[in-house]
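Thanks for coming. I'll show the model first and then go through it in order, from single residues to the place where the chains meet.

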Amino acid sequence: MHTKTLAQLARDLKARKLSSEELTRSYLARIERFNPQLNAFITVLQEEALVAARAADARIKRGDVGVLTGVPLAHKDIFCTAGVKTSCGSKMLDNFVSPYDATVVERLRQAGMVLLGKTNMDEFAMGSSNETSFYGPVKNPWDPTRVPGGSSGGSAAAVAARLAPAATGTDTGGSIRQPAALTGLTGIKPTYGRVSRYGIIAFASSLDQAGVITYTAEDAALLLGAMAGFDPRDSTSVDRPVPDYTAALEHPLKGLRIGLPKEFFDQGLDGRVGAAVHAALTIYKKLGAEVRDISLPNFWLSVPTYYVVAPAECSSNLSRFDGVRFGHRCESPVDLLDLYTRSRGEGFGAEVKRRIMTGTYVLSAGYYDAYYLKAQKTRTLIRQDFIAAFENVDVIMGPATPTPAFGLGEKTEDPITMYLNDIYANGVNLAGLPGISIPMGFVDKLPVGLQIIGNYFDEARLLCAAHQYQRETDWHGQIPKGFQ
Amino acid sequence: MSLTSDEVRSIARLARLAISDQDIPRYADNLSRILDFVAQLDKAETASVAPMAHPLDMSQQLRADVVTETNQRELFQKNAPQVEAGLYLVPKVIE
């Protein structure tokens, strides 16, 4: 049953071809068997999952059933989960048991979904390889010597290895789309404000957005439909109706205008990844879409802008970790300053410290205008490019990442090399747009992803474009060796 | 641009991060590289560009000024390193 998609499992549960308990047991057994080699989970909720599964079975028996009732999933360990350790991949929160549920966790629980566990991630979602986690790196199921991407690396590895039929993620600068691309999965980052950020441990509040990593666009449509929507507890949540994403999947693509930014195909892109994008476009043309060359002239500003804005917001958000009310506290502090500095020095890893210090520097007196204000202006330029492009096209397509998955340890020395891995992702967050990555083939036997970027609140069109492609191809149906 | 060890110590102090002396050179190198990288922004012409505050140009939502949360101090303090009689304990601040 683990080779089925989430949508197929949901149908089987509803038709009572299998029970949630059976299904949950099967995934828990796979986690027990495979997690030691992948390190995809930080916490496995063996007993809690079975209790939830039995409750779901009782609901199904009563006929009190929603589309997702009884379907298991995993949450990235950035989502606060009541009564469950929520570490955010950090030593700082190794001892933190969340007293409440994030809105996403609450909504999916109410939908009757069964939580299998919490997945590994880069510390505080800062990283593109899952190597900054306090709990150790996650291995890519397609090749254990390679990274699964990050920061939602545990979610991606768990779904790719069929240890969970879907997992949540968060995407501040590519953290859903990049790991989905590197593990052969579908990963969607919705429009900023579409999904509530309440209870998601904040990294960069103007960029953070929650989404899902799944096998198919159909799976993503089901989950997003249950997660999205206004939440009064998130002041940046948008009060706007959630369309029926599943119904939208079947819209024909005839006449779809696809923009192809020439800047996405410049130096830095592995030519074989570029060729895979062009092969995917051939299929879209066959489906009746029209491809137009476009330009995003300020694209080159996106990574440097991101590495001012995101660290600035992170330095502010992470100031709450002070060793006083929750989280790590150092031994025998001599005074309050010593308590703060040592608790933070010990609790945070190197990448988080780099980002906090970068953010502190760019916000400090005398540098604010040169860095932070400048980056807020270049952010406007980046957004304007996208807005102009969407006057002539419906979606923008390109590679999700410049290369397939890289080796563990390969990019840990120089932070800039690591940062450039999200070159096609960062701008989408800066503009607040939705983006999806879907499997589009293999390079060196490793999966690569096609990124589709949409206009604001156009998730339905992205999911439809992804779904129509997935009807014509089977890249999304491939399972890594050893996990079939 | 190249940050000195003293500049890194000063940033770490502002950020309330204890960094050991042996780690300072590595942070100096990393942070200098990051600042060099983001210095590319200088090449962008932004004299007439407004800074972007929100991706959707939304203003802050307001809610009615009514009590919506209940007091859950005991529950929240379960995560605290040190509490006594409902208070969070820290080293002595005032002599």
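Helices here are DSSP runs of H or I of at least four residues, strands are runs of E of at least two, and both are numbered from the N terminus. This is a predicted model, so to speak of conventions: local features need pLDDT of at least 70, side-chain atom pairs count only at pLDDT 80 or more, and totals for chains, interfaces and linings use all residues. Residues are numbered from 1 along each chain as its sequence is written, chains are lettered from A and ligands numbered from 1 in the order in which they are written, and side-chain values use heavy atoms, with hydrogens and water left out.

Start with the backbone of chain A. A:Ser151 sits in the loop between β3 (114–119) and α5 (153–160). In another loop, between α1 (6–14) and α2 (20–38) of chain A, we find A:Arg16. Phi of A:Arg16 is near 55 degrees, a positive value in a residue other than glycine.

Next, salt bridges, meaning a side-chain nitrogen of Lys or Arg within 4 Å of a carboxyl oxygen of Asp or Glu. Over all chains the count is 33. One of them joins A:Arg342 to A:Glu346, with the closest N and O atoms 3.8 Å apart. These two residues are four apart in helix α11 (residues 336–347) of chain A, and are therefore separated by about one helical turn.

Now to the interface. With contact taken as heavy atoms within 4.5 Å, 50 residues of chain B are in contact with 68 residues of chain A. The two chains bury about 5100 Å² between them, 69% of it on carbon and sulfur atoms; buried area is the accessible area (1.4 Å probe) that two parts lose on being put together, summed over both. B:Leu41, B:Met52 and B:Asn79 supply 14% of the area that chain B buries against chain A, more than any other three residues.

How many salt bridges does the rule find across this interface? It finds one. A:Asp414 pairs with B:Arg33, the closest N and O atoms being 3.1 Å apart. On the side of chain B that touches chain A, α1 (5–14), α2 (24–38) and α3 (73–77) of chain B each supply at least two residues. The largest share, nine residues, comes from α2(B).

One helix pair deserves a look. Helix α12 (residues 350–363) of chain A packs against α1(B) at an angle of about 95 degrees, with the axes 9 Å apart. Axes are lines fitted to C-alpha atoms, for helices over the stretch in contact, and angles run from 0 to 180 degrees between N-to-C directions. The two helices are therefore roughly perpendicular to each other, a label for angles of 65 to 115 degrees. A:Met357, A:Thr360 and A:Tyr361 meet B:Val8, B:Ile11, B:Ala12 and B:Leu14 there.

Last, A:Phe326, in the loop between α10 (302–317) and α11 of chain A. Which residues does A:Phe326 touch, not counting those up to four places away in sequence? Among them are A:Leu93 and A:Phe96, and from chain B, B:Asn79, B:Ala80 and B:Pro81.

Notes: Parallel < 35°, antiparallel > 145°, perpendicular 65-115°, else oblique.
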